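Biologist: Hi! I'm new to this one, could you walk me through it?
Modeller: Happy to, let's have a look together.

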Amino acid sequence: MKIGVFGLGHMGTAIVQGLTRSEQAVEVLGYSSNAAKADELQVPIYSRYEDLLAQGPDVVILTVPAKYVVAVLADLVQAGLDSKVVVLSAAASVTNADLRRAAPKNPVTTFIPNIPVAINAGTTALSYNDSIQEADQRVIRTVLDTLGDVVVVKEDQLAIAGTVGGCSPAFIDVLMDAMEDAAVSRGMDRQTAAAVVASVVSGTAKLAQTSDKSFGDLKGQITSPGGTTIKGVLALDQHGFRAAVHAAILAAAGDE
Ligand SMILES: NC(=O)C1=CN([C@@H]2O[C@H](COP(=O)(O)OP(=O)(O)OC[C@H]3O[C@@H](n4cnc5c(N)ncnc54)[C@H](O)[C@@H]3O)[C@@H](O)[C@H]2O)C=CC1
Ligand SMILES: O=C(O)[C@@H]1CCC=N1
């Protein structure tokens, strides 16, 4: 399968890295005005739409800024995009209807990935366009399953699913940065503190994924009666931690 990725910023780069690391037989082509991306990513880079389309991609992934997605897709149609090519848009705020208007003859679908797709550990929210055929759904799943976990949701849930999945890595980075600073303030060197923090977050997530306990019950295993952890949990509540997390996710998800 040939996959053309248009827009090699943070997300486009992460997707190319995930695809090229995978064991799937995929050939990845990139569109960028930055020729140095060819060395960085070890894939052919094209700076004209026509030149990439001439390679016959089966799938096109749009990872340009959301405000340009519709215009870039319309330009690709003008540049000769074959109507069989499956078009996937990673933009947080572009709808299936927007994509259909720009490329009425192509199978089109929106999805929202997150940065861990770079190491095939992503969380991708996917909402199929109503008219997408089963064969095209299989192609889409082949591509996206390669990048990590995929959650299929109705389109009216895509914004919140994409926010919890797509934006939260940044919120977790803020949490980890704060934990690291606290450890450093008690004399731990930053490198060791960073290693401990990343290990804790990774191990906690793995345990939650393999356990049938709720997050609250998992927390209950750690808060020994009269112990140290419950003091920290109460401090989080006193400082508005939960309210801050709710506010961050709802702010990123935008207005209903
Ligand atoms: N960064 C993330 O974690 C996530 C990003 N996304 C989506 O991915 C898209 C890109 O976001 P980022 O990578 O963060 O932004 P970015 O600014 O890092 O990358 C955007 C890239 O698109 C290129 N570009 C701009 N206009 C273009 C055009 N007309 N044709 C081709 N390339 C063009 C830019 O040169 C840049 O390399 C957005 O639509 C965003 O909503 C979705 C989920 C997560
Ligand atoms: O910040 C953004 O707009 C993108 C969408 C999800 C994560 N990053």
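Biologist: Which helix gives the most to the shell around ligand 1?
Modeller: That's helix H1, residues 10-21, which contributes three residues to the shell. Keep in mind that this is a predicted model.

Biologist: And how many residues surround ligand 1 in total?
Modeller: There are 22, and the closest are Gly-7, Gly-9, His-10, Met-11 and Ala-91.

Biologist: What classes does that shell have?
Modeller: It has 15 nonpolar and seven polar residues, with no charged ones.

Biologist: Switching topic: which strands pair with S4?
Modeller: Strand S1 (residues 2-6) pairs with S4 in the parallel sense over four bridges. S4 also pairs with strand S5 (residues 86-89), again parallel and over four bridges. Val-59 of S4 is the bridge partner of Ile-3, and Val-59 stands opposite Val-86 in S5.

Biologist: Where do the side chains of S4 point?
Modeller: Val-59 and Ile-61 point one way, Val-60 and Leu-62 the other way, and all are buried.

Biologist: What do S4, H4 and S5 make?
Modeller: Those three form a right-handed β-α-β unit.

Biologist: Is Val-69 buried or exposed, and why?
Modeller: Val-69 counts as buried because it has 24 C-beta neighbours inside 10 Å, and the cut-off for buried is 20 or more. Val-69 sits in helix H4, residues 69-78.

Biologist: What is Val-69 in contact with, leaving aside its neighbours within four places in sequence?
Modeller: Its contacts are Leu-62, Val-64, Ser-89, Ala-91 and Val-94.

Biologist: Last one: which residues does UniProt list for the CoA-binding domain?
Modeller: The unreviewed UniProt entry lists residues 8-92. Over that stretch the chain is 38% helix and 18% strand.

Conventions
Residues are numbered from 1 along each chain as its sequence is written. Chains are lettered from A and ligands numbered from 1 in the order in which they are written. This is a predicted model: local features need pLDDT of at least 70, side-chain atom pairs count only at pLDDT 80 or more; totals for chains, interfaces and linings use all residues. A residue is near a molecule or strand if its C-beta atom, placed from the backbone, lies within 6 Å of it. Helices (H or I, at least four residues) and strands (E, at least two) are DSSP runs, numbered from the N terminus. Ala, Val, Leu, Ile, Met, Phe, Trp, Tyr, Cys and Pro count as nonpolar, Asp, Glu, Lys and Arg as charged, and the others, Gly among them, as polar. A residue is buried if 20 or more other C-beta atoms lie within 10 Å of its own, exposed if 12 or fewer, and partly exposed in between; C-beta atoms are placed from the backbone. Two residues are in contact if their C-beta atoms, placed from the backbone, lie within 7 Å. UniProt positions are given in the numbering used here, feature names are shortened, and annotations may be inferred rather than shown by experiment. Two strands pair if DSSP finds at least two bridges between them. A crossover is right-handed if, with the strands pointing away from the viewer, the path from the first strand over the helix to the second runs clockwise.
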